[in-house]
Amino acid sequence: MLYAEEAVLEDDVILDMFFARQEPAISETKRKYGRRLHRTAMNILHISEDAEECVSDTLLKAWNVIPPERPDKFGAFLAKIARNLSINKWRAKNTAKRGGGEVNLILSELEECVTPSGRPEEEYQAALTTKAINNFLGTMSRQARVAFVLRYFHGESIKAIGERFQMSESKVKSILFRARKKLGAHLEKEGVAI
């Protein structure tokens with residue numbers, strides 16, 4: 001796995017390549033976002049080959065949905081695909097051995113705030129939940145918001161977040177605990193089923 005550090009194209013140019021069905025769109029996307037996608041997948045899967053497979057699957061999925069989709073935030077769009085594919089791959093590998101692990105811990109930490117959806121009739125509720133969470137994230141301090149997103153979207157470990165912000169693991173746990181409690185109260189106030 002090698003991701004170049006050379007000049008990269010702007011998202012609009014890459015998206016235009018997708019719309020023109022030009023295959024270099026895939027390599028340019030990997031050049032620009034490959035490391036971030038791989039890290040997100042690694043945080044969940046912990047196996048480099050599986051993470052690389054998720055990066056490839058993410059690029060394929062992007063190829064299949066663009067067009068007609070034209071995401072406003074291309075990097076976030078790709079990260080969401082990679083995260084979902086990684087979680088699905090992790091769940092498939094771990095259905096037989098329901099045990100510990102960082103992903104189980106991350107999902108259980110959020111369980112008290114957000115009811116997981118999955119059935120088609122819950123899609124509307126999921127959209128409301130997403131909007132409410134995004135609104136909530138906008139009310140947080142930058143540090144708390146980044147820690148929350150790193151933990152619950154990108155699957156970063158408590159230790160890695162602590163190192164990033166040069167704080168103890170207990171301080172990170174405290175920030176995330178308070179954020180989850182506030183999120184639960186916010187979702188309840190917004191009328192989102194929790």
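Visitor: Hi! Which residue follows H1, and what is its phi like?
Guide: Arginine 21 follows H1, and its phi is positive, near 60°. Helices here are DSSP runs of H or I with at least four residues, numbered from the N terminus. This is a predicted model, where local features need pLDDT of at least 70, side-chain atom pairs count only at pLDDT 80 or more, and totals for chains, interfaces and linings use all residues. Residues are numbered from 1 along each chain as its sequence is written, and side-chain values use heavy atoms, with hydrogens and water left out.

Visitor: OK, back to H1. Which of its residues are buried?
Guide: In H1, which covers residues 11-19, they are Asp11, Ile14, Leu15, Met17 and Phe18. Buried means under 20% relative accessible area, exposed means over 50%, and partly exposed is in between, using a 1.4 Å probe and protein chains only.

Visitor: Why do they line one face of the helix?
Guide: Looking down the axis of H1, the buried residues fall within an arc of 155°, so they line one face. That arc is taken from the directions from the helix axis to the C-beta atoms. An α-helix has 3.6 residues a turn, so residues three or four places apart point the same way.

Visitor: And what do those buried residues pack against?
Guide: Their partners are helix H2 (24-45), helix H3 (48-65) and helix H4 (74-94). Contact means heavy atoms within 4.5 Å.

Visitor: New topic: which residues does the cis peptide bond with omega about -15° join?
Guide: That bond joins isoleucine 66 and proline 67. The peptide bond from proline 67 to proline 68 is cis too, with omega near 10°.

Visitor: Where does proline 68 lie?
Guide: Proline 68 is in the loop between H3 and H4, and proline 67 lies in the loop between H3 and H4 as well.

Visitor: Now histidine 46: buried or exposed?
Guide: Histidine 46 counts as exposed, at 53% relative accessibility. You'll find histidine 46 in the loop between H2 and H3, and its phi is positive, near 65°.

Visitor: How about histidine 154, buried or exposed?
Guide: Histidine 154 is buried, with a relative accessible area of 11%. Its place is the loop between helix H7 (142-152) and H8.

Visitor: What does histidine 154 touch?
Guide: Leaving aside residues up to four places away in sequence, histidine 154 touches Thr40, Asn43, Ala79 and Val149.

Technical notes: Helix = DSSP H or I, 4+ residues; strand = E, 2+ residues; numbered from the N terminus.
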